[in-house]
Amino acid sequence: MSRFFRSDPLKKAKRYVDKALEEYQDGYPDYASTEYEKAARAFSEAEELDFAVKYFREAAHCALEAENHFRAAEMKVAAAECLLTEGRYDEAGNLYSEASDHFFREKKVKESSRTLAVGIVGYLGARNFETATNLLRKAEKRYSTSSGKTHPVQDLAKQAVAILCEGKEVARSDFDKVASKTKPSEVESALFNFLIDSVRVAIDTEVELEWAGAHQDEVKVKTPVELEFRYKCPAPVRVVDHRLSLPNSVVLVREPNFAQEAAKEESWLIEVKPVLSGSGSVGPYNVTLEGERVLVNKHSNVVEFNIARAPPSLSLELKPESMRITLGDEASVEGEVRNDGDGPADNIHVATELTEGLEIALGSEERTINFLGSGEKVRFQIYVKAVMQGEGSITFTAIDRSTGNEARMTSRVLVG
């Protein structure tokens, strides 16, 4: 539209604004509200929507000064409708929410319920899932005691939040039944159609977490585990947001490198590492899938498993590894038991075995180490006496009675 044809409504709008300022300064906010509304509609006619929104809000402000909450709500709805025409769903959702509060103050429960529901739909259309969920909780609390059935738009908002935000499974026929009862206005139709189409795609979208290899009921702690994350959607989409839920017993090692190209089906490998024994799980994987006029927020399943404690790995070191002693003399042998594994060792039994011609002079043939954590070590010492000439040996054996892990080492002794 040329500037020539737009000039007339713009001039009228300016006159309405000037008149509104005069009425407001003279102490007549109710008359000022009417003039601001005229200005807003003139700006809307001239397709100057930012100015239209501004003066609808001014009209609402003046109505509040005149303590007319019903009119304030109507003006905010009018401003929100201007925003809908430009696809500014988040801003529109905020105005619908404010208008709902004004209607509720005036005990217009039906109008308040529908307006808040449209606000929730607006936030869903803007991908603001957290605010939409919070507003739905507010609506359920606010209108739970009201008489009569809930508004059809509120039923739509409730099911849309359940499917898109909470990942609940709803039958396509049940959702279509709810959606068919909504009667959006002409200006609301684009938003409603967008949301309804998105929810239908979400219902038909599969998001799965699976084992990359064979199914495992139990995995070892500190051992990487690979899973496959995949989606299958009726329409081409791409991942624009994602969040993986993990317990404290599992950490993410490698996350998917999501491609930017839209596709109906994709899959990626995920690598996690269990770090604490006990129960473990991966998921749900929450993803937002976006395509041309499609918005899908979907939750995957949860993969659960048991995390077995990491096994110990015992090792022995003897000093000296070989020695020469004189018949009748005594010599000391120092041993060290280490746990080089990732898991602790419990109830370690250490036994000493001597060949003929050697006997223990000081120390014990057997000892028990109650606990040896990963990376820890314990030293002990015995004295042996040579009672026969020749070549002999001292063998130490350490065994973890809980797992059967064993270490053995021998020190050679020459008696001259």
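Leu-124, Phe-229 and Tyr-231 touch the most other members of the largest nonpolar core, which counts 100 residues. Keep in mind that this is a predicted model. Helix α4 (residues 69-85) puts in the largest share of that core, with ten residues.

**Cores**
- Skip the neighbours within four places in sequence, and Leu-124 is in contact with Phe-129, Ala-132, Ala-160, Val-161, Leu-164, Cys-165, Leu-195 and Leu-295.

**Helix packing: α6 on α10**
- Leu-124 turns up again here: together with Val-118, Val-121, Gly-122 and Gly-125 it forms the α6 side of the contact, while α10 brings Leu-191, Phe-192, Phe-194 and Leu-195.
- As for geometry, α6 (residues 109-125) and α10 (residues 189-203) pack at an angle of about 60°, and their axes are 10 Å apart.
- The two helices make a left-handed crossing.

**The four-stranded sheet**
- Four strands make up an open sheet with antiparallel pairing, in the order β10-β12-β16-β14.
- β10 (314-319) and β14 (358-362) are the edge strands, each pairing on one side only.
- On average, and with direction ignored, neighbouring strands in this sheet are turned by 35° against each other.
- Six bridges link β10 to β12 (residues 330-339) in the antiparallel sense.
- Zooming in, Leu-316 has Val-337 in β12 as its bridge partner.

Definitions and conventions: Residues are numbered from 1 along each chain as its sequence is written. This is a predicted model: local features need pLDDT of at least 70, side-chain atom pairs count only at pLDDT 80 or more; totals for chains, interfaces and linings use all residues. Side-chain values use heavy atoms; hydrogens and water are left out. Axes are lines fitted to C-alpha atoms, for helices over the stretch in contact, and angles run from 0 to 180 degrees between N-to-C directions. A crossing is left-handed if the near helix is turned anticlockwise from the far one by less than a right angle, and right-handed if clockwise. Contact means heavy atoms within 4.5 Å. Two strands pair if DSSP finds at least two bridges between them. A nonpolar core is a set of buried Ala, Val, Leu, Ile, Met, Phe, Trp, Tyr and Cys residues joined through side-chain atoms within 4.5 Å. Buried means under 20% relative accessible area, exposed over 50%, partly exposed in between (1.4 Å probe, protein chains only).
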